[in-house]
Amino acid sequence: MHSEARPLDLTHPDNDARFGVELRTVAASARRRAGRDGDRQIDTAHLLHSLLETDPRARDACDAGSGQVVRVLGYLAQRSIGYGLEWQGSVEDSGALPVVTARSTPGWSPAAAAAMRTAVCSAQRGGRGQADGIDLLNALAADPHSRAVEVLRTAGLDVSRYLDEGPVAS
């Protein structure tokens with residue numbers, strides 16, 4: 001059976017072996033970014049921003065030779081000075097992805113926590129013990145109402161391509 005029966009430790013991702021080094025780095029970076037932005041919770045846009053800055057494979061998969069990843073990062077960088085300003089002080093809960101546990105995860109929006117859980121489940125379905133950046137990119141794209149998808153669509157990316165490809169093995 002999958003080890004998902006034990007809840008993920010999103011408050012201390014370094015303690016959870018189901019996160020690969022990429023996701024541990026992304027989680028730490030997203031936490032710092034949320035703090036700098038003055039946000040109470042890590043949301044999917046924080047995860048996307050950190051993922052694209054730290055994981056070359058996810059960045060390449062997102063860009064697919066289009067050159068649009070620079071545009072995506074530009075929108076994400078403008079978060080606190082314009083784009084996404086309406087997100088300040090609000091909790092992201094798109095409701096599109098099923099929440100695996102009823103309890104909330106302190107410091108994480110429901111949508112961001114669901115994306116991390118979905119990434120781990122994807123890795124497990126693929127027979128891998130640890131989720132990586134591609135798993136997270138696919139999980140972020142799977143939530144059509146998330147802030148991450150809003151940014152990707154605004155930048156002109158077709159997020160449906162991630163859903164069709166599914167997780168890529170490490």
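Predicted model: local features only at pLDDT ≥ 70, side-chain atom pairs only at ≥ 80, totals over all residues.
Biologist: Where does Asp-132 lie, and why is Asp-132 called buried?

Modeller: Asp-132 belongs to the loop between helix 5 and helix 6. Its relative accessible area is 1%. The term buried applies under 20%, so Asp-132 is buried.

Biologist: How do you know that Leu-136 is buried or exposed?

Modeller: Leu-136, a residue of helix 6, has a relative accessibility of 0%. That value is under 20%, and therefore Leu-136 counts as buried.

Biologist: Which residues does Leu-136 touch, not counting residues up to four places away in sequence?

Modeller: They are Leu-23, Val-26, Leu-47, Leu-51, Ala-115, Met-116 and Ala-119. Each is called a contact because heavy atoms lie within 4.5 Å. As for Ala-123, its C-alpha atom is separated by 9.6 Å from that of Leu-136, and the two residues are 13 apart along the chain.

Biologist: Why is helix 5 described as largely enclosed by the rest of the structure?

Modeller: Twelve of the 16 residues of helix 5 are buried, so the description follows from that count. Among the buried residues are Ala-115, Met-116, Arg-117, Val-120 and Gln-124. The buried residues of this helix pack against helix 1, helix 2 and helix 6.

Biologist: How do you know that the span of helix 5 is close to the one expected?

Modeller: Helix 5 covers residues 110-125 and reaches 22 Å from its first C-alpha to its last. At 1.5 Å a residue, the expected span is 22 Å, and the helix is close to that value. Just after helix 5, Gly-127 takes a positive phi of about 80°.

Biologist: Why is Arg-31 called partly exposed?

Modeller: Arg-31, which lies in helix 1, has a relative accessibility of 35%. Buried means under 20% and exposed over 50%. The value of 35% falls in between, so Arg-31 counts as partly exposed.

Biologist: What makes the pairing of the side chain of Arg-31 with the backbone oxygen of Leu-10 a polar contact?

Modeller: A polar atom of the Arg-31 side chain lies 3.4 Å from that oxygen. The limit is 3.5 Å, so the pair qualifies. Leaving aside neighbours within four places in sequence, Arg-31 is in contact with Leu-10, Thr-11, Pro-13, Ile-42 and Trp-108.

Biologist: How many helices and strands are there in the chain, and what share of its residues counts as buried?

Modeller: The chain has eight helices and zero strands. Of its 170 residues, 48% count as buried.

How values were computed
Residues numbered from 1 in each chain as written. Heavy atoms only, no water. Helix = DSSP H or I, 4+ residues; strand = E, 2+ residues; numbered from the N terminus. Buried < 20%, exposed > 50% of the residue type's maximum accessible area, 1.4 Å probe, protein only. Polar contact = N/O pair within 3.5 Å; in protein donor to acceptor, adjacent residues only side chain to side chain. Expected span 1.5 Å × (residues − 1).
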